[in-house]
Amino acid sequence: MKKNRSRFIILSRYIGSEYVLSFFVAFIFFFFIFFINQILVLAQKIMLKNVTVSDVISLVILSIPQFLMYTMPFSSLASASMVIGSFSSDNEILAMRSCGIHQKKIFAPIIVISIIFSAITLFIADKMIPFTAQKYREMYASILTKVPTVELESFGTTQFGKRIITNGPVNGSTIQNILILDDSDSSDSRIISAESATISVVDLDKFLYRIDLVRPEVLMTDDSSLDTYSIAKAESMRLYIDLSSKGSGYTSINPSQMSLGELRAAISEKEKENTDIIAQGISDMKSSISDLSESLSEIEDNPLQNTKTWDALTRYENIEKNKPFSFYYQYFRSELQKKWALAIACTVLVFVAFPISFFRIKYGRLIGFGLSMLIACLYWFFIYFMHTRAVMSPVNPAVFLWIPDITSFLIGIFLLVRLSKQ
């Protein structure tokens with residue numbers, strides 16, 4: 001009995017070590033895929049003038065946990081497919097079965113280790129992402145204090161809201177030959193030109209900047225009359241630019257960067273808002289039913305009131321089809337469910353790889369990896385689609401976000417049972 005137990009321990013160590021080794025190989029592959037597609041794009045956005053390379057690298061490193069949520073489950077799937085495929089092509093699974101080893105003993109080490117990967121993924125979602133997101137915001141704010149100007153390229157054109165700035169040479173915060181097309185006023189438009197200008201920060205927290213123009217000339221037009229215009233000159237002029245809408249994307253926290261506890265707290269706050277919206281929708285529905293009943297009674301005496309009936313009926317149908325709910329309430333709930341679903345995916349996705357053990361194929365590791373790539377792409381599109389549906393529907397987001405995991409698990413179990421009977 002002890003000999004059999006020790007043999008199973010040796011076998012479990014062998015399968016587990018192969019799975020972990022393949023996991024690291026797959027992890028590096030998926031890591032660089034997400035790094036190239038997401039982190040380099042982010043680095044391009046945060047490349048501000050005079051920002052040191054070390055600061056940019058630090059910001060990139062702090063952004064890494066954001067995509068580890070997808071790297072971990074995909075790596076778990078790929079490593080399981082590679083290991084099972086390799087064992088099948090080398091006839092190792094056939095040898096294990098010939099020795100009376102049940103499939104459960106072969107798959108058990110992979111399942112146990114994948115559960116550990118699920119726990120690590122959940123830790124990343126609950127602890128690492130909120131921590132690094134906070135450090136990222138603090139560092140970005142610190143960088144802005146070192147770079148008190150917005151980035152304007154020499155001989156370039158930049159748009160800030162409804163203002164378009166075209167300029168000549170730029171040296172630090174000094175701009176030469178600046179031309180500003182200002183359409184911020186709904187009734188009037190302005191064209192401002194100046195020989196030179198300087199740009200500086202007014203309020204860093206609110207992303208408010210100021211442009212000091214030297215000897216500007218202003219052409220003002222009236223949109224209501226094409227023949228009306230005026231020209232003004234001055235020795236100096238100050239123009240303020242509000243970039244809070246752009247800066248908030250870097251300094252504000254979004255639900256995907258919150259911990260599980262923060263999401264639950266936010267959901268509790270939004271629940272009352274959702275209840276009020278639903279109550280208002282029910283009130284509107286009752287009102288439309290009342291209007292419909294009233295108009296129907298009036299039709300008996302005056303058929304010309306038929307349009308009123310259709311209006312009430314249309315309003316009722318619209319409320320019935322598009323039941324009111326709080327978007328942010330659904331958004332926070334869907335993010336909470338997505339964190340759990342992606343963590344559990346590290347375990348459930350390996351079941352899709354187990355049916356490979358029933359096939360004798362050449363280059364099993366390579367084929368297993370290719371198959372995992374296909375499944376990973378399908379899973380990514382599946383969960384992205386379900387997440388989109390979840391925030392646009394009043395239904396509990398868990399119904400949508402858990403479908404990819406449940407589907408993957410059921411497909412794996414179905415294929416295992418089906419192939420084991422052949």
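The legends below describe close-up views of a predicted model.

**View 1. Packing of helix 3 against helix 11.**
Helix 3 (residues 65-89) and helix 11 (residues 364-391) have axes that come within 7 Å and cross at roughly 150 degrees. Helix 3 is therefore roughly antiparallel to helix 11, as angles over 145 degrees count as such. The crossing of these two helices is right-handed. On the helix 3 side the contact is made by Tyr70, Phe74, Leu77, Ala78, Ser81, Met82, Gly85, Ser86 and Ser89. Their counterparts in helix 11 are Gly364, Arg365, Gly368, Phe369, Ser372, Ile375, Ala376, Tyr379, Trp380 and Ile383. By class, the contact of helix 3 with helix 11 has eleven nonpolar, seven polar and one charged residues.

The axes of helix 2 (residues 53-63) and helix 3 come within 6 Å, crossing at roughly 40 degrees. The two helices are therefore oblique to each other. Ile61, Leu62 and Ser63 in helix 2 meet Pro65, Gln66 and Phe67 in helix 3. Four nonpolar and two polar residues form this contact of helix 2 with helix 3, with no charged ones.

**View 2. The largest nonpolar core.**
This core holds 53 residues, of which Tyr19, Ile110 and Phe354 touch the most other members. Helices that each supply at least two residues of this core include helix 1 (2-45), helix 4 (92-98), helix 5 (103-146) and helix 9 (327-348). Helix 10 (350-353), helix 11 and helix 12 (397-401) are also among them. Helix 3 gives the most to this core, with twelve residues.

Leaving aside neighbours within four places in sequence, phenylalanine 354 is in contact with Ile84, Phe107, Ile110, Ile111 and Leu416. A second, separate core has 16 residues, including Phe160, Ile165, Ile199 and Leu213.

**View 3. Arginine 215 in a loop between two strands.**
Arginine 215 lies in the loop between strand 6 (208-214) and strand 7 (217-222). Its relative accessibility is 42%, so arginine 215 counts as partly exposed. Not counting residues up to four places away in sequence, arginine 215 touches Ser193, Ala194, Glu195, Ala234, Glu235 and Ser236. The C-alpha atom of arginine 215 is separated by 7.0 Å from that of lysine 233, and the two residues are 18 residues apart along the chain.

Conventions. Residues are numbered from 1 along each chain as its sequence is written. This is a predicted model: local features need pLDDT of at least 70, side-chain atom pairs count only at pLDDT 80 or more; totals for chains, interfaces and linings use all residues. Side-chain values use heavy atoms; hydrogens and water are left out. Axes are lines fitted to C-alpha atoms, for helices over the stretch in contact, and angles run from 0 to 180 degrees between N-to-C directions. Helices (H or I, at least four residues) and strands (E, at least two) are DSSP runs, numbered from the N terminus. Angles under 35 degrees count as roughly parallel, over 145 as roughly antiparallel, 65 to 115 as roughly perpendicular and the rest as oblique. A crossing is left-handed if the near helix is turned anticlockwise from the far one by less than a right angle, and right-handed if clockwise. Contact means heavy atoms within 4.5 Å. Ala, Val, Leu, Ile, Met, Phe, Trp, Tyr, Cys and Pro count as nonpolar, Asp, Glu, Lys and Arg as charged, and the others, Gly among them, as polar. A nonpolar core is a set of buried Ala, Val, Leu, Ile, Met, Phe, Trp, Tyr and Cys residues joined through side-chain atoms within 4.5 Å. Buried means under 20% relative accessible area, exposed over 50%, partly exposed in between (1.4 Å probe, protein chains only).
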